[in-house]
Amino acid sequence: MTSTGATGATTIGPLTDCVALVTGATSGIGRAAARTLASYGAQVVAVGRRQDRLDELAADLGHDVCLPHAADLIDQPQAAAAVAAAVEHFGRLDIVVNAAGVMLNGPSLEARLDEWDAMVDLNVKGLMYVAKAALPHLVDAAGSSSRRVADMVNISSIAGRFANRNVAVYNATKFGVTAMSEAWRQEFSPHSVRVSVIEPGAVETELFDHQQQPVIEHYERLFAGVEKLHPDDVADLVAHIVTAPRRVALAEVVIRPTDQA
Ligand SMILES: NC(=O)c1ccc[n+]([C@@H]2O[C@H](COP(=O)([O-])OP(=O)(O)OC[C@H]3O[C@@H](n4cnc5c(N)ncnc54)[C@H](OP(=O)(O)O)[C@@H]3O)[C@@H](O)[C@H]2O)c1
C-alpha cells in the first residue's frame, strides 16, 4: 500500500503501509499532525466536526490518502463509528493521534457549568471513547504489521502536569489524559502498542479563541513577547514518536516555547 497525493505523486516513507486516525484534524495540532503523517507515507483518517475543513484537507492530501470523517466525539457512537470507518475503508489501524480538545478557562466563581462539562465531555470522555474503540485494532496491527508495533499518541498539556488558578477543570481533564496514557502504556506495552503522551506549552492555534473575552485578553497579556510553538513543531514530535525504532517508546514528552517559563 502506497499513498498517492493530490498531485498524483506517490509518497513512500517510514509510514508507508500505515493507517493513522487523527482527531482534531480540522485545526491546529491535529491538522498539522494529519499532514505530517501523510507526508511520511501514512494513509490518514481525519476526524473533526467541520466537514468543510475536512474536505479541504482531503482534497489537498488526495482522497486515496485522506478519508475525511465528520464526528462529534462527545457522542460515543460517533466516536466508535470514526474508528470503524477507518478500519472499513483502509483495512487496518496502526496509529491514533488524539488531538481533539477544548480549553475554557477563567475564574471559577464566574465559570459556566456548561463550559466545564464541555471540557470533561471532550478532553476526557471523547478521548476515552476513541481509545476504547481503537485499542483492539492497534493490538491487531502491532501483531500483524511489518513494523511489529502500533501507536497511540495523546495530546495532553503542561496543564496535565501542573495545576494553576483559573484552570481547575482544564487541569483536571489534562491530568486525566496524562494518567490514562500512562496506565494504558503499562497495559498495552505487552501487546507492542506504544501509548505516548505529549504535553505542549503554548501553541499558536484556535484553542484560546473559544474562551470568554476577558480570558482571551488575559492570555494575550500573559503571552505578549512569547514566541509560541507552531502546530508543526508538535506534529514533528508526533512523527518522531511514531517513526522511532520499535524498541523506543517515548512515553511522555514536554514541549514548550523557549520563551515560556
Ligand atoms: N494550543 C495550545 O497552546 C495547546 C497547549 C497544550 C495542549 N493543547 C492541546 O492540543 C490539542 C489540540 O488543540 P489545538 O491547540 O490544536 O486547538 P484547536 O486549533 O482549537 O483544535 C481543536 C480541535 O478539536 C476539535 N474538536 C473540538 N470539539 C470537538 C468535538 N466535540 N468533537 C470532535 N472534535 C472536536 C476541533 O474540530 P471541530 O471544531 O471541527 O470539531 C479542532 O480540530 C487539544 O487537546 C489541546 O488541549 C493545546
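Is serine 192 buried, exposed or partly exposed?

1. Serine 192 is partly exposed, with 19 other C-beta atoms within 10 Å; 20 or more such atoms would count as buried, 12 or fewer as exposed, and anything in between as partly exposed, with C-beta atoms placed from the backbone. This is a predicted model, in which local features need pLDDT of at least 70 and side-chain atom pairs count only at pLDDT 80 or more, whereas totals for chains, interfaces and linings use all residues. Residues are numbered from 1 along each chain as its sequence is written.

2. Most residues other than glycine have a negative phi. Serine 192, however, has a positive phi of about 65 degrees, and its place is in the loop between α5 (168–188) and β8 (193–200), helices (H or I, at least four residues) and strands (E, at least two) being DSSP runs numbered from the N terminus.

3. Arginine 148, which is not a glycine either, has a positive phi of about 60 degrees and sits in the loop between α4 (113–144) and β7 (150–155). Arginine 148 is exposed, with 11 other C-beta atoms within 10 Å.

4. The ligand is surrounded by 26 residues, of which the closest are Ser27, Gly28, Arg49, Gly101 and Thr205; a residue belongs here if its C-beta atom, placed from the backbone, lies within 6 Å of the molecule. Helix α1 (residues 28–39) gives the most to this shell, with 3 residues.
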